[in-house]
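User: I'd like a close look at one part of this model. Please start with the whole, then zoom in.

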Amino acid sequence: MSGTATTTRISGRALGALKRNVASLPPSCFAVVMASGIVSVGAYQLGFHGPAQVVMGFALAVYAVLVVLTAWRVIAYPQRVLEDLHVPARAFGFFTGVAGTNVVAVCLIALGDTTCRI
């Protein structure tokens, strides 16, 4: 078997795994952004500016990735999103997107160019 065929097969598997993960992305996935942003703001307020910058950089990177993956899920798998909206235990998870966005905004606005400089 040639190297190209092996690479193509591995790439196909990886893409298939990525699609499955996007399709089953939980609505509460933004909780990690929410939590890390809160830790970053708390660390900054306690005077730990370096760690606060690192944690906020992580939160912003994860936020950007999750926004793209969530948009992909809404476009490619709208039925799955609607199913999540109809199950109260999962529907409330969508609020983590709102809260995560708020935490990122608080950092970017309130702490400005000190904590969120990347």
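Analyst: Start with the ground rules. This is a predicted model, where local features need pLDDT of at least 70, side-chain atom pairs count only at pLDDT 80 or more, and totals for chains, interfaces and linings use all residues. Residues are numbered from 1 along each chain as its sequence is written, and side-chain values use heavy atoms, with hydrogens and water left out.

Now the surface. The protein chain exposes about 7,300 Å². Carbon and sulfur atoms supply 72% of that area. Accessible areas come from the Shrake-Rupley method with a 1.4 Å probe, and for residues only the protein chains shown count as cover.

Next, the overall layout. The chain has 6 helices and 0 strands. Its pattern along the sequence is α-α-α-α-α-α. Helices (H or I, at least four residues) and strands (E, at least two) are DSSP runs, numbered from the N terminus. Of the 118 residues, 31% are buried. Buried means under 20% relative accessible area, exposed means over 50%, and partly exposed lies in between (1.4 Å probe, protein chains only). Contacts tell us about the fold too. Take those between residues at least 6 apart in sequence: 73% of them join residues at least 24 apart. A contact means heavy atoms within 4.5 Å.

Now zoom in on the salt bridges. A salt bridge is a side-chain nitrogen of Lys or Arg within 4 Å of a carboxyl oxygen of Asp or Glu. The whole structure holds 2 of them. One joins Asp 84 to Arg 73, with the closest N and O atoms 2.6 Å apart. This pair links distant parts of the chain: Asp 84 is in helix H4 (residues 78-85) and Arg 73 is in helix H3, 11 residues apart. Asp 84 also forms a salt bridge with Arg 90, and there the closest N and O atoms are 2.6 Å apart. Together, Arg 73, Asp 84 and Arg 90 make up a network of salt bridges.

Which of these are hidden? Arg 73 and Asp 84 are both buried. Asp 84 counts as buried because its relative accessibility is 5%. Arg 90, at 36% relative accessibility, counts as partly exposed.

H3 covers residues 49-76. At 1.5 Å a residue, its 28 residues should span 40 Å, and its end C-alpha atoms are 40 Å apart, which agrees. The expected span is 1.5 Å times one less than the number of residues. Arg 73 is one of the buried residues of H3, a list that also includes Ala 52, Met 56, Leu 60, Tyr 63, Leu 66 and Leu 69.

Val 54 lies in H3, and it counts as exposed because its relative accessibility is 61%. Pro 51 is also in H3. At 45% relative accessibility, Pro 51 counts as partly exposed.

Val 54 and Ser 40 are 14 residues apart in sequence and 8.1 Å apart in space, C-alpha to C-alpha. Pro 51 and Val 39 are 12 residues apart in sequence, with 9.6 Å between their C-alpha atoms. Ser 40 is among the buried residues of H2, along with Val 33, Gly 37, Val 41 and Tyr 44. Seen down the axis of H2, its buried residues fall within an arc of 160 degrees, so they line one face of the helix. The arc is that of the directions from the helix axis to the C-beta atoms. Val 39 is on the other side of H2, where Ile 38 and Gln 45 are exposed as well. Just after H2, Gly 47 takes a positive phi of about 95 degrees.

To recap the close look: Asp 84 bonds by salt bridge to Arg 73 and to Arg 90.
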